[in-house]
Amino acid sequence: MSEEPRARLDEAAVADRLARLDEGLGRLEQTPGATAGTALDAVTLLTEVYGEALARVMEHIPAAAAESLVEDDLVGHLLVLHDVHPEPVERRVARTLDGLRPRLNRQGFEVDLVGIEAGTARVGLKGGGCGGGAAPAGELVREAVLAAAPELAGVDLVAPKAPPAFVPVDSLMRPPAAAADGAA
């Protein structure tokens, strides 16, 4: 007698359960009384125990397996939540921007990580032509970066630094060319 493996949840089902969990916890936090407090304490303890179990699992798996795990959105979020994600925040943000880059490039945008300072990611976003899509593109970048690195306080969109202009030295040494009417 063989048992069927448990069916995995697809992304939509995971999103639905996370939304329902947030909603339920929100209602529980608003409920007065000792029972609600006890329930929230139980959820907190359960989360801590699961976090410790996840940390122990991460200590025992090979690096290649850890790399594979972080590519799964749900597992990656749990690793961040429990502070056991094997990648530093800079790498997670850079990987997220790498994933967004093809979509943004199709819309005429260029995106790059400028740096992370004081808990805020500074992201260069330029382009977009005259379609007015900078605001939606900026929101897309903010949401994706904060999903990959929720420990960040925020995301600042900055204009990327322009490359320095090259002025040949010999052009600085020449006198200005005379205009057609003889003026300098």
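Predicted model: local features only at pLDDT ≥ 70, side-chain atom pairs only at ≥ 80, totals over all residues.
The axes of α1, residues 11–30, and α2, residues 34–60, cross at roughly 140° and come within 8 Å. The crossing in which α1 passes α2 is left-handed. On the α1 side, Leu25, Leu28 and Glu29 make the contact; on the α2 side, Ala36, Ala39, Leu40 and Val43 do. By type, the residues of this contact are 6 nonpolar and 1 charged, with no polar residue.

The model also has an open sheet of 3 strands, in the order β1-β2-β3 with mixed pairing. In general, strands of a sheet pair through backbone hydrogen bonds, in either a parallel or an antiparallel way. Here β1 and β3 are the edge strands, each pairing on one side only. On average, neighbouring strands of the sheet are turned by 25° against each other, direction ignored. Strands β1 and β2 run antiparallel and are joined by 8 bridges. Asp112 has Gly124 of β2 standing opposite.

Two helices meet this sheet. Helix α5 packs on the sheet and touches β1 and β2, while helix α6 lies across β1, β2 and β3. The table gives their directions relative to a strand.

| Helix | Residues | Strand compared | Angle |
|---|---|---|---|
| α5 | residues 89–106 | β1 | about 170° |
| α6 | residues 134–148 | β3 | about 145° |

Notes. Residues numbered from 1 in each chain as written. Heavy atoms only, no water. Axes fitted to C-alpha atoms, helices over the stretch in contact; angles between N-to-C directions. Helix = DSSP H or I, 4+ residues; strand = E, 2+ residues; numbered from the N terminus. Left-handed = near helix turned anticlockwise from the far one by under 90°. Contact = heavy atoms within 4.5 Å. Nonpolar A, V, L, I, M, F, W, Y, C, P; charged D, E, K, R; others polar. Pairing = 2+ DSSP bridges.
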